[in-house]
Amino acid sequence: MKHKAGFVNIIGNPNVGKSTLMNAFVGEKLSIITSKAQTTRHRILGIVNGEDFQVILSDTPGIIKPAYQLQASMMDFVKSAFDDADVLIYMVEIGEKELKDEAFFKKITNAKIPVLLLLNKIDKSNQEQLEEQVQLWAEKVPNAEIIAISALEGFNVKEVFDKIIELLPESPAYYPKDQLTDKPERFFINETIREKILMHYKKEIPYAVEIDTEEFFEEENIIRVRSVIMVERDTQKGIIIGHKGAALKRVGVEARKDLEKFFGKQIHLELYVKVNKNWRSNQRQLKRFGYNQ
Ligand SMILES: Nc1nc2c(ncn2[C@@H]2O[C@H](COP(=O)(O)OP(=O)(O)OP(=O)(O)O)[C@@H](O)[C@H]2O)c(=O)[nH]1
Ligand SMILES: [Mg+2]
């Protein structure tokens, strides 16, 4: 039996639905999803295994013009996703007109590998708009095959997956067949907490936050976790904690519930807030949090 395997890397503007699509393919919540831009900060692998295939998907941060070092590191993850792709997925959403970075856009239009342009969120569209958008993207990215999808509602997701299998080269598996991702358990703890922070705090707060899980003890019936929520300034610390600690408590309760589902075990989650001045612009700190490859 012929075996197919390869890397399928998903890139596009922030908030278009890249993480939603990867999770739909994998059938697990590997990447956090929120309605805010720059939810994803890392390159996260989601591996789908079959008897005669292995599809290694990469979810990546949305493409932006970096304003500080953290964002520059996020864009390095996007760059790396061009280097090893066997198939490139360029995701756009209904109503969107262009990529926020011309150099990346050129890489897509000059790609030597198959490019699937997925026009997402068509559940929010009508036939007329859809046809007009397909036309627009066909002209802009002539080397791509365009498929209209709804990652949220699962429309055409299976069709895209079949297309990917068709396009993948013959190759043995790259990872063990029972492996689902490249990220360790602590990463999913950090991300789940960060998701709650993106959901419940406004403006700059979520972007100034990083999570560091200092302890992860797995016992037979329970996992004991201690995580630090890092902020850039004292004022942000007060906002995260909230009046009588209520805001922080809500983050803890909601994150714990999600993590119990994810790990299938009871979780004891202890949260602290610490100020780590300007960590977003500090190379050493960024390296510590896994942003330098
Ligand atoms: N209506 C609709 N909403 C969608 C669809 N796919 C994703 N969304 C929503 O779009 C928002 C962003 O989704 P994400 O998957 O986090 O987007 P992303 O591209 O990973 O975003 P970043 O990580 O910030 O770059 C969320 O609120 C999703 O629920 C879709 O097919 N239809
Ligand atoms: Mg994302």
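Leaving aside its neighbours within four places in sequence, with which residues is L99 in contact? In this predicted model, where contact means heavy atoms within 4.5 Å, the partners of L99 are G12, N13, I63, Y90, F104, F105 and I108. L99 belongs to the loop between β4 and α3; helices (H or I, at least four residues) and strands (E, at least two) are DSSP runs numbered from the N terminus. With a relative accessibility of 8%, L99 counts as buried, the term denoting under 20% relative accessible area, as against exposed for over 50% and partly exposed in between (1.4 Å probe, protein chains only). A distance of 9.9 Å separates the C-alpha atoms of L99 and G62, which are 37 residues apart along the chain.

The model is predicted, with pLDDT of at least 70 needed for local features and 80 or more for side-chain atom pairs, whereas totals for chains, interfaces and linings use all residues. Residues are numbered from 1 along each chain as its sequence is written, chains are lettered from A and ligands numbered from 1 in the order in which they are written, and side-chain values use heavy atoms, with hydrogens and water left out.

The record assigns "domain: Era-type G" to residues 4-170. Over residues 4-170 the end C-alpha atoms lie 4 Å apart, and the span is 34% helix and 25% strand. The feature "domain: KH type-2" is placed by UniProt at residues 201-277. For residues 201-277 the corresponding C-alpha separation is 19 Å, with 34% helix and 38% strand.

An open sheet of six strands runs in the order β2-β3-β1-β4-β5-β6, with mixed pairing; two strands pair if DSSP finds at least two bridges between them. β2 and β6 are the edge strands, each pairing on one side only. Direction ignored, neighbouring strands of this sheet are turned by 25° against each other on average. Five bridges join β1 and β4 in the parallel sense, and N9 has L88 in β4 as its bridge partner. By contrast, the pairing of β2 with β3 is antiparallel and extends over seven bridges. These two strands form a hairpin with two residues between them, and L45 stands opposite S58 in β3. Six of the seven residues of β2 are buried, so this strand is largely enclosed by the rest of the structure.

Helix α1 is mostly covered, eight of its nine residues being buried. The buried residues are K18, S19, T20, L21, M22, N23, F25 and V26, and their cover includes β1 (4-12), β2, β3 (53-59), β4, β5 and α5 (157-167). G27, which follows α1, has a positive phi near 80°. The magnesium ion (ligand 2) has S19 (OG) and T40 (OG1) as its protein donors, at 2.0 to 2.1 Å; donors are N, O and S atoms within 2.8 Å of the metal (3.2 Å for Na, K and Ca), and water is not among the atoms, so sites may look incomplete. S19 lies in α1 (residues 18-26) and T40 in the loop between α1 and β2 (44-50), so the pair ties together parts that are 21 residues apart in sequence. Both S19 and T40 are buried.

β8 (residues 222-231) and β9 pair in the parallel sense over ten bridges, and V228 has Y272 in β9 as its bridge partner.

Key. UniProt positions are given in the numbering used here, feature names are shortened, and annotations may be inferred rather than shown by experiment. Axes are lines fitted to C-alpha atoms, for helices over the stretch in contact, and angles run from 0 to 180 degrees between N-to-C directions.
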